[in-house]
Amino acid sequence: MNPAETHNQNNSHNPFLTLNYEPALESLGNDYYDEVVAAEFPQHILRWRNDAVLPCLGLDTQKVTNEDFITAFGKFQGRKPLLALRYHGYQFGEYNSRLGDGRGFLYGQVRATDGELYDFGTKGSGTTPYSRGGDGMLTLKGGVREVLAAEALHYLGVRTSRCLTMIETGLALWRGDEPSPTRSSVMVRMSSSHIRFGTFERLHFFRRPDLSKKLLDHVIEHYYRHLLGEKDKYALFYAELVKRIAELVAQWMAVGFCHAVLNTDNMSITGESFDYGPYAFIPTYDPYFTAAYFDYYRRYCYSHQPSICKLNLELLQEPLKAIIDPGDLAAGLASFNKYYQVKYRSLMLKKLGFEELCYSEADELLNLTIKFLQDSQIGYHEFFYEMARTFSPKWRDEPALVMSTSDIVPASGTSPIFDDWCVLYHKILNYFDLEHLDVISQTLTNQNPQTALLRPVIESVWEPIFQEDNWQPFDELIKKIQSGS
Ligand code: AMP
Ligand code: MG
């Protein structure tokens, strides 16, 4: 953290209150939200401020004080209205009409220096009409985990929401999945939008195609602006959403991320990744790796993510049918697999060091890599990091030298799959000039940081917080993530 400690007693000078707010969603009228008030907390301890995103808001990190964060996002002074958004969703395959922002609200929408509109959405800010008996709160560990996921994914190149801040709030919470009582926090998320697939599903449920159309016009105006002048902008919107989601899942798959709760209320209409609960990065390549302990049937396991996202896009066709021709919707969805495969292939080849690879061996290399990772159960992230760490021009000389200085892979002659992989990698390297090997080495390094946000790593920073309120390992981990090391 970079605490600018000067106290700013006069809230009218709080730079968070004078950003370029736009009443974008608010201007649609109150069919889409409920006005709510924030909880009052016994304590406000700033635990995380994301200085990396402040310039994008036009703010000078040195001039924003910790107190500015606390008064804006812990005490919620000076901003109204706060809007709990209405939505429904398919949760684990079942339609749930009792959803909506149950522990958060839309704090405001800000036009940033990049010209884009961003939502500030809270998590853990108190009850709303959609809390369904819940306490409206977020555990401190839940806040820590979402901050880490968003930063890790962002620096791995995944299109994701970020966290602006996290403040500890001094309440004792009871949770079945954490030793309780457990500490509380409020987290503010900065995302492209909090409009979900489920926002449209709710409008369909209430048979309000007029409201769906109004919302879709709003979505296109703000998040698909380049389609505004197009005659068939609605069909083009859906086709582009399919592409955005297919590419997003390809990004998750390549970086080894398992979102864990791919309900339609957690699918953003802008195709951005968000809402990080029981997520996990895969320790090894296991198609059935399942991150949420309550996902008994492995519905949202690692390898199901592409088909589940495609299914969610198909479910979204129901509400959109009032606006878009079913034939256009079907045609849009038909491109999902192609978009997914092209993106996944390109990202995986990058992880293997290649920006472009048009040789016929490319697919063979990918298949063999996955087969080796799956059969050996070697660490997924560790393997790619070891490639980057040990890469040498000597690998071009003979297959037995490929990764020969790494002790996490099988020794030459002990694993037929790995030997085949080395033969192929060696062969491909020989398609390139010697001078190009530097580029390959650089690509490997850029794509495969040493720091992987595996569960034991998260626990290793949580434990000192839990035991002795020591935030240093957490701060250091974020620094490492943000530096891409
Ligand atoms: P999530 O699993 O975080 O996507 O949440 C699913 C739904 O449950 C959303 O409508 C949340 O607002 C709601 N929810 C989750 N936790 C709580 C809580 N502690 N209190 C009230 N509502 C909650
Ligand atoms: Mg959610």
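Q: How many salt bridges does the rule find across the interface of domain 1 and domain 2?

A: The general idea is that side chains of opposite charge can pair when their charged atoms come close. In this predicted model, the rule finds three salt bridges across the interface of domain 1 and domain 2. A salt bridge in the structure joins the side chains of Asp 275 and Lys 123, with 2.9 Å from N to O.

Q: How many residues of domain 1 and domain 2 are in contact, and what area is buried between them?

A: An interface can be read through its residues and through its area. Here 43 residues of domain 1 are in contact with 40 residues of domain 2. The buried area between the two domains is about 3500 Å², and carbon and sulfur atoms give 56% of that area.

Q: How many residue pairs are in polar contact between domain 1 and domain 2, and which elements of domain 1 give two or more residues to the side that touches domain 2?

A: Between domain 1 and domain 2 the count is 20 residue pairs in polar contact, both residues being at pLDDT 80 or more. On the side of domain 1 that touches domain 2, the elements giving two or more residues are strand E4 (89–91), strand E6 (106–111), strand E7 (117–123), helix H2 (140–155) and strand E10 (182–191). Helix H2 gives the most to this side, with seven residues. By class, the residues on this side of domain 1 are 17 nonpolar, 14 polar and twelve charged.

Q: How many salt bridges does the structure hold, and which parts does the pair of Arg 345 and Asp 363 tie together?

A: The structure holds 28 salt bridges. In one of them, the side chains of Arg 345 and Asp 363 meet at 2.8 Å, N to O. Arg 345 belongs to helix H8 (residues 336–351) and Asp 363 to helix H9 (residues 361–376), so this pair ties together parts 18 residues apart in sequence. Arg 345 is partly exposed, at a relative accessible area of 27%, and Asp 363 is also partly exposed, at 38%.

Q: What separates Lys 371 and Asp 375 in helix H9?

A: Lys 371 and Asp 375 stand four residues apart in helix H9, so about one helical turn separates them. Their side chains form a salt bridge of 3.5 Å, N to O. Lys 371 counts as partly exposed at 43% relative accessibility, as does Asp 375 at 48%. Elsewhere, salt bridges with shared partners link Arg 47, Glu 168, Arg 183 and Asp 469 into one network.

Q: Is Phe 76 buried or exposed, and where does it lie?

A: Burial is judged by relative accessible area, with under 20% as the cut-off. Phe 76 has a value of 7% and is therefore buried. This residue sits in the loop between helix H1 (66–73) and strand E3 (82–85).

Q: Which residues are in contact with Phe 76, leaving aside its neighbours within four places in sequence?

A: With those neighbours left aside, Phe 76 is in contact with Ala 38, Phe 41, Thr 71, Phe 105, Tyr 107, Thr 122, Ser 125 and Val 186.

Technical notes
Residues numbered from 1 in each chain as written. Chains lettered and ligands numbered in written order. Predicted model: local features only at pLDDT ≥ 70, side-chain atom pairs only at ≥ 80, totals over all residues. Heavy atoms only, no water. Salt bridge = Lys/Arg side-chain N within 4 Å of Asp/Glu carboxyl O. Buried < 20%, exposed > 50% of the residue type's maximum accessible area, 1.4 Å probe, protein only. Contact = heavy atoms within 4.5 Å. Buried area = accessible area lost by both parts, 1.4 Å probe. Polar contact = N/O pair within 3.5 Å; in protein donor to acceptor, adjacent residues only side chain to side chain. Nonpolar A, V, L, I, M, F, W, Y, C, P; charged D, E, K, R; others polar.
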